[in-house]
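Okay everyone, let's get going.

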Amino acid sequence: MTLSCPAAGPTAVQESDAETNRQLTTLAGWRKFVDGPPTPPGRLSPGQLKQLPPTEQDLHDEDRLDHHARMLTVSTSFVEKTRICGRRLVLLNRHALSARRGLMVSGLPSTGKTSAIAQLGRAHELLDRARHPTISDRIPVLYITVPPAATARMVAAEFARFLGLPVRPRSNMTDIIEAVVGVCTDTRTGLVIVDEIHNISQRTQVGAEVSDTLKYFSERIPATFVYAGIDLENSELLVGNAQIAGRFTLVPTGPFPYGDEWKGLIATMEETLILHDHPPRSLVKLDRYLYNRTDGMIAALSHAIRGAATDAILNGTERVTKEGLDAIPLDHAAESVRPARKPARQR
């Protein structure tokens, strides 16, 4: 199991605002994500800590807080399956003139869909960079999210926004689409990722127009399209839509079962903690408790561990404990299952 854990360097305090404003849905933000995480802050011995002046101790703590505030990206079996399926489709679509096949990633909220498609896109772009090391104007991946209550023009504008193309109030749909298609063709875009696609409702005229716009983009841009959203297998995108159902491979996800992979997730996340008094593998011993607490949701697990680590720095305990984890409020979905469960026996 591998881990990509972005962490702050010496300039974390100065750059925190800039980091917050970086998004996957802009070309600059996406490239920053693909370039990889900065170096984590170092682990200092008790002797080294005592030698630090108070100001440097505060900066060291700020770097560690910034480190734990970042979302961990763990290479799970679901992430790996998404990457393999996506890579296969890109290869099969390489010489297709039409009717290219796509990928749908579906599941409940907080089950790692966005992490999986982002890692697929990152792997694709890194491979493209390796094959064309001297060409800097390629845009191998385009990543957008569908806004709530989106119109066709809004979705087309999201494509343009990622590419940095201006969208003026008087720009019509044809102008936007032609500009996007032209740039994607010239820059050899090979993968288009559309997240939050469940925001499209095909029961409405507006939703049908958005779906038609995406279909038109997929016909004009010679790329593999990847859709991700909630419960797509039961959505109008597949049910009653033979064309999409016949062209898209579905990769479903859900809560993790309690087992070796769950324990491995906890062990991997624990290895990323930068705390001065945290007993090794103490979180692994709480694997059953953490499963009951988070209902097997990876996002809830990450939030609980990172939140407890943050509190451990702020209150000076420098370790994550069961009590500290229990004090972290989780999302409503995870919290709502707690009263129905029997308390986990401490191991």
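Helices (H or I, at least four residues) and strands (E, at least two) are DSSP runs, numbered from the N terminus. This is a predicted model, where local features need pLDDT of at least 70, side-chain atom pairs count only at pLDDT 80 or more, and totals for chains, interfaces and linings use all residues. Residues are numbered from 1 along each chain as its sequence is written, and side-chain values use heavy atoms, leaving out hydrogens and water.

So, the sheet. It's open, with five strands in the order β4-β5-β6-β3-β7, and the pairing is parallel. β4 (141-145) and β7 (248-252) sit at the edges with a single partner strand each, so one side of each has no neighbour in the sheet. Look inside now: β3 (residues 102-106) pairs with β6 (residues 224-229) over four bridges, in the parallel sense. There, Ser106 stands opposite Gly229 in β6.

What packs on the sheet? That's α6, touching β3, β4, β5 (191-195) and β6; contact here means heavy atoms within 4.5 Å.

α6 (residues 113-131) also packs with α5 (residues 77-92), at an angle of about 45° and with the axes 9 Å apart. Axes are lines fitted to C-alpha atoms, for helices over the stretch in contact, and angles run from 0 to 180 degrees between N-to-C directions. Among the residues meeting there are Phe78 and Val90 in α5, and Leu120 and Leu127 in α6.

Definitions and conventions
Pairing = 2+ DSSP bridges.
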